Amino acid sequence: MTVDTASTDAADPRFAALPGRPGKIIAIHLSYASRADQRGRRPADPSYFFKPSSSVAASGSTIERPAGTELLAFEGEIALVIGVPARRVALADAWSHVAAVTAANDFGLYDLRANDKGSNVRSKGGDGYTPIGPALIDARTVDPGHLRVRTWRNGTLVQDDTAGGMIFPLAQLVADLSQHFTLETGDVILTGTPAGSSVAVPGDVIEVEVSVDNGPSSGRLVTTVVQGDAAFDGALGSLPAVDDLQRTEAWGSREAAGLPAESPVLSAELRAKLEAVPVAGLSAQLRKRGLNNVHVDGVRPLHPDAKLVGTARTLRFVPNREDLFASHGGGFNAQKRVFDAVGDGEVIVIEARGETGSGTLGDILAIRAHARGAAGIVTDGGVRDAAAVAAVGIPVYTSGAHPAVLGRKHVPWEGDVAVACGGTTVEPGDVVVGDADGVIVIPPAIAEEVADAALAQEAEDAWIAERVAEGHPVDGLFPMNAEWRARYDTTLRQAQEASGR
């Protein structure tokens, strides 16, 4: 028996907005600057996943939120429909292979996301998870950079951005994908979503429109969310599961997800304590707790009088190899991504293997870190334009100055991983403190305890110093014997009583 699939597909109402059933649907993970900033990470290159054509739905359709799930998220997107097959096409020619543009909604079920490991097979491949339409815009009539995508939830505008806000231009996606396989007539590319994507609940009506200002429009793609009755069978595969990370990413923020704000590792009170105590005092307390390998050796401050206190944001360089620098050194590389994403109160800690034969940053990146509110920079490599970096005013610790650019010795490889800096391991989120004596790393879980103990020891040492200045010998006083300890405890108790504590 022979089935005429062409006529079957043409009659299928799911594909009413398309020339027919697409052979491939390719979607991009992250493409808009606004979305990347919301997520706190910006990719160096586009990455993709496939969606099955069975997930396509027409405007006016419904989508089920499966029983036992909570995080069905919508993503308004610009969809490209391929007209002329494309294989290894140049960037300059890529747009000519696009026949039409329309609206799409890339629905995803975050409850299934963790076990999909980025493939999104289950989380985004469900029936009805790719509404497309309702009308096609002739790609020849529009400037791709001026295309606008807007999304409404229950009549309220929640997403509004243009292709001009994309990290990777639309034509680049076509050209890039054509390097790897043939884009065939009717294939669809979902080009990513801007900030504002969030969770839809049963009863919500989601509308997406792609248009050009004062120009053609796809019309509004309408999808209604309904509650499904069927649950997933755990005997056949992993069951839905969510955590606060998935809730935050699905809703767009902790606040939108109804979660309490994360308590900072460094509260204002703890930061003040660490600013008040010298690194030498913190080192002594860490040593008492069995932590001896917490010093970033071989670095000196460009600002000896400035105190450095913050949490680590890490960056790793590997030794330069020409082919690797060609693939990882240019464009929006790992170095630039970390400096562009560093948060308020964070310290950029750079693993440069103690190699001082080139700079690991210069004044432009120091200015960017300063503008982002970074607490400082620590590198066990060199600094280029050292005088200009020092003039920026942000605390910087380095192994020395060097005039050469990064590529002489290093390839910027990755960020937000455990790094080895100056002979110690630094994890993202570790507490970093520096002064004229050097830089020390404190595990966050004991930072408060160490700071309190160091402050208490500083007060004790100051009292001992006063007694030595009065002419008392250090024998029995430093460290204190029982007699001196009793006198100190009495003085301390009297001071507390006088202050009302």
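Modeller: The largest pocket holds about 840 Å³ of space. A pocket here is an open set of points on a 1 Å grid over the protein atoms alone, where a 1.4 Å probe fits, with protein on both sides within 12 Å along at least five of seven lines. The volume is the space filled by probe spheres set on those points, which are joined across faces, edges and corners. Keep in mind that this is a predicted model: local features need pLDDT of at least 70, side-chain atom pairs count only at pLDDT 80 or more, and totals for chains, interfaces and linings use all residues. Residues are numbered from 1 along each chain as its sequence is written, and side-chain values use heavy atoms, with hydrogens and water left out.

The lining is made up of 31 residues, each with an atom within 4 Å of a point. Nearest the centre of the pocket you'll find Gly-40, Arg-313, Ala-341, Gly-343 and Glu-346. Helix 2 (33-39), strand 18 (308-319) and helix 9 (334-341) each give two or more residues to the lining. Helix 9 provides the largest share, with five residues.

Zoom out, and you see a protein with 13 helices and 28 strands; these are DSSP runs numbered from the N terminus, with helices (H or I) of at least four residues and strands (E) of at least two. Its C-alpha atoms fill a box of roughly 105 × 55 × 45 Å along the principal axes. Of its 501 residues, 47% are buried, meaning under 20% relative accessible area with a 1.4 Å probe, protein chains only.

Key: Buried < 20%, exposed > 50% of the residue type's maximum accessible area, 1.4 Å probe, protein only.
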